[in-house]
Amino acid sequence: MIYEGMSAVLFNPSCVIWVFIGTFVGIVFGCIPGLTATMAMAMFLPVTYNMATTQGISVITALYIGGISGGLISAILINIPGTPSSIATCFDGHPLSAKGEAGKALGVGIVFSFLGTLVGLIALVLISPTLAAIAIKFGPFEYFSITIFSLTLIIALSSTDIVKGLLTGVLGLVFATVGMAPIDSAERYVFGTVNLKSGFDILTVLIGVFAIAEILLAAEEARLNPEGTSGNIITNFKIKGFGFSFAEFRSQIFNMLRSSVIGIILGILPGIGGGTSNVLSYSVAKSQSKYPEKFGTGIIDGIVASETANNATIGGTIIPLLTLGIPGDSTSAIMLGALIMKGVQPGPLIFQQNGQIVYAIYAAMGLASLFMLGIMFWGMRAFVRILKIPGYLLLSLVFVLCTVGAYGINSQLFDCYCLLFFGFVGYLLEKGRYPTAPLILGFVLGNIMEENLRRALSYTNGSFTEFFTRPMSCTFLVLAVVSLIINLVAVYKTRHKKNRIV
């Protein structure tokens, strides 16, 4: 099974080429502010629709790694993070490049992004089988409780406003109920429309909420700020070797290992992701440094901490995704959607039922990280030129590709209408400062939650007692309640502090 999964990626020329393409496209989307890894994965889902399962999932994995890594380019050169995972890279990356050492800043970021990905991959390989072995004893009661826990935890951690998070999550659950009900296939909310009997396609929801909504927001931003940032790009830089000395590399080994651990742990915890891990890792590096006053002035310590942590988070995030079916953020939620679209159900049985897919993901991560290292070093100046392309040209192309991809799902215009509908929904949510991740998670996990709830109730003749008498089921339900309480208290304290300042 191990050989079968890895050979399907490493010894398949077409798969290797597609992983290369996925990594390259991910870097492009990651380095351009407004085009995130999430958008790249959402836009590419239709492309993988007719691919073999291992090949399609490998492409999505490559997009994930390329997208997270590519954010460092714009963070260093124009002081704007290409992705939320590169926010802390700006703190020292741009000041270092402003000193005339942009090549060194880029070299440090690329190498330690690569190392962070490898450490995260090692953690994924070591931890996933153990966690799956524990969770293999789960039944419908435990699965229902896990989905409740994952929904509440991610909603709580996605926004400072717990009410908005809950409302968005419920909205996702409502969209998931459209179509035929699981088990008894009763029609719900189809309003006499044949196209709605099969429900909303997961691809149109993902692409609409993430890609189309971001295009609308970027178009609005471009209208308000037509000049953009193309004139502030640092283009004059040189890289010799990796851009830094071996002595500098050796001095950062402990910083790299510490940042990797932080990234992996925060990746495993649902709802946090690279957007938090890079900032936290940077803060820890600064607090533990012998020269904290130099942070923010352009030292490599800050770049190492940020880029190692956000890439290590990828491996950490995939651990609960594969073994428990719990996505840690919006990007891994798209990966969950891709797995389900390919007929792979993440969970404790994934090693038994689809073990070759898991090992294909391992191989794709290793291969994509190598491609990322080579592409970013050899194609650096090309990516700098891409940053100068006007946003309206790129966004128009992305919009066309998204629409064509939506139509290609079932060759129906109805899917294009759904795409625009969910794009408008995502746009309104963003404008109202509602988190979009809970909507996707509610939609993706809604059917799983309902199916396991109905299955469990059929075993107990309608009694809810066993949800609380089974130890693991009760544990996850208690964790869900604790999660909500903790975050409600945190929100209350934040508002109380603001009121006191006012």
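Modeller: Arg 188 and Glu 450 form a salt bridge, their closest N and O atoms lying 2.6 Å apart; the term denotes a side-chain nitrogen of Lys or Arg within 4 Å of a carboxyl oxygen of Asp or Glu. This is a predicted model, in which local features require pLDDT of at least 70 and side-chain atom pairs pLDDT 80 or more, while totals for chains, interfaces and linings use all residues. Residues are numbered from 1 along each chain as its sequence is written, and side-chain values use heavy atoms, without hydrogens or water.

The pair links distant parts of the chain, 262 residues apart, with Arg 188 in strand 2 (residues 187-188) and Glu 450 in helix 19. Helices (H or I, at least four residues) and strands (E, at least two) are DSSP runs numbered from the N terminus. Arg 188 counts as buried because its relative accessibility is 18%, and Glu 450 is likewise buried, at 16%. Buried means under 20% relative accessible area, exposed over 50% and partly exposed in between, with a 1.4 Å probe and protein chains only.

Elsewhere, salt bridges with shared partners join Glu 101, Lys 104 and Glu 248 into one network. Within it, Glu 101 meets Lys 104 at 4.0 Å, N to O; both lie in helix 5, 3 residues apart, about one turn of the helix. Glu 101 is partly exposed, at 33% relative accessibility, whereas Lys 104 is buried, at 19%. Lys 104 also forms a salt bridge with Glu 248, where the closest N and O atoms are 2.5 Å apart. Glu 248 lies in helix 9 (residues 246-251) and Lys 104 in helix 5, so this pair ties together parts that are 144 residues apart in sequence. Glu 248 is partly exposed, at 22%. The whole structure holds 9 salt bridges.

The account now turns to the interior. A nonpolar core is a set of buried Ala, Val, Leu, Ile, Met, Phe, Trp, Tyr and Cys residues joined through side-chain atoms within 4.5 Å. In the largest such core, of 122 residues, Phe 200 and Ile 440 touch the most other members. Helix 15 (residues 355-378) supplies the largest share of this core, 16 residues. Setting aside residues up to four places away in sequence, Phe 200 touches Phe 175, Val 178, Val 205, Cys 418, Phe 422 and Phe 443, contact meaning heavy atoms within 4.5 Å. A second, separate core has 8 residues, including Tyr 143 and Phe 476.

Helix 15 also contains Ser 369, which counts as buried because its relative accessibility is 0%. Beyond its neighbours within four places in sequence, Ser 369 is in contact with Ile 65, Phe 114, Thr 117 and Leu 118.

Arg 433, in the loop between helix 18 (413-431) and helix 19 (437-459), has a positive phi near 60 degrees. Asn 461 has a positive phi of about 60 degrees and is found in the loop between helix 19 and helix 20 (465-469). Arg 433 is exposed, with a relative accessible area of 69%, and Asn 461 is exposed at 74%.
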